[in-house]
Amino acid sequence: MSKFRWRKLWGRAKMWLWLPFILVGLLFWVGTDWVTTRVTSGAYETTAQLQTDEQPEVQLSFSVKIVAIDAEIDRRADVTEVTVRTTDSILRELELDLLAVEFAQVEDLLIEELHLPRDAIKQLIRYRIY
């Protein structure tokens, strides 16, 4: 009979041991639900507004050896897609979209973009017309 009583007391002790953990878990669940509801349902006024219509202009300068310039002229879309191939390991290709379809205009825009003399561009460029 004493073994039976001992087991009964041991079972109740286990229950009292786990009860605080259950209560803490319930309080945590209710508390986080309340905080989540409070934070997500509130309307916030922003004091600083973002202006997205302006993009910052970034200027990069580096020196690479240009191997070839391929210009694909699309006369229907009035666009020239230019691919500049280099020997540099970091920048192997540079792609440009130019709003010109005449050879002289394309060369003038490349002189501005690449800062190369006209003779160098004429030696390296290859045109494809669509």
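Accessible area here comes from the Shrake-Rupley method with a 1.4 Å probe. On that basis, the accessible surface of this protein comes to about 11900 Å². Carbon and sulfur atoms hold 58% of that surface.

What you see above is a predicted model, so I will begin with confidence, given as pLDDT on a scale from 0 to 100. The mean pLDDT of the protein is 85, and 87% of the residues reach 70 or more. Among the elements, strand 2 has the highest mean, at 95. Helix 1, residues 2-41, has the lowest, at 79.

Now the layout. The protein has 3 helices and 4 strands. Along the sequence, the pattern reads α-β-β-β-α-α-β. Among contacts between residues at least 6 apart in sequence, 34% join residues at least 24 apart.

Next, the interior. How many of the 130 residues count as buried? The share is 16%. In soluble globular proteins, nonpolar side chains tend to be buried together. In this model the largest nonpolar core has 13 residues. Which of them touch the most other members? They are Ile69, Val82, Leu110 and Ile125. Strand 1 (66-74), strand 2 (79-86), strand 3 (93-98) and helix 2 (103-114) each supply at least two residues of this core.

Take Ile125 as an example. Leaving aside residues up to four places away in sequence, Ile125 touches Ile69, Ala71, Val106 and Leu110.

Last, two backbone details. Most residues other than glycine have a negative phi. Asp78 has a positive phi, near 55 degrees, and is not a glycine. Where is Asp78? The residue sits in the loop between strand 1 and strand 2. Its relative accessibility is 46%, so Asp78 counts as partly exposed.

His115 also has a positive phi, about 55 degrees, and is likewise not a glycine. This histidine lies in the loop between helix 2 and helix 3, the latter being residues 118-124. Is His115 buried or exposed? At 68% relative accessibility, His115 counts as exposed, because the cut-off for exposed is over 50%.

To recap: the core draws on strands 1, 2 and 3 and on helix 2, while Asp78 and His115 are both in loops.

Methods
Residues are numbered from 1 along each chain as its sequence is written. This is a predicted model: local features need pLDDT of at least 70, side-chain atom pairs count only at pLDDT 80 or more; totals for chains, interfaces and linings use all residues. Side-chain values use heavy atoms; hydrogens and water are left out. A nonpolar core is a set of buried Ala, Val, Leu, Ile, Met, Phe, Trp, Tyr and Cys residues joined through side-chain atoms within 4.5 Å. Buried means under 20% relative accessible area, exposed over 50%, partly exposed in between (1.4 Å probe, protein chains only). Contact means heavy atoms within 4.5 Å. pLDDT is the predictor's confidence in each residue, from 0 to 100.
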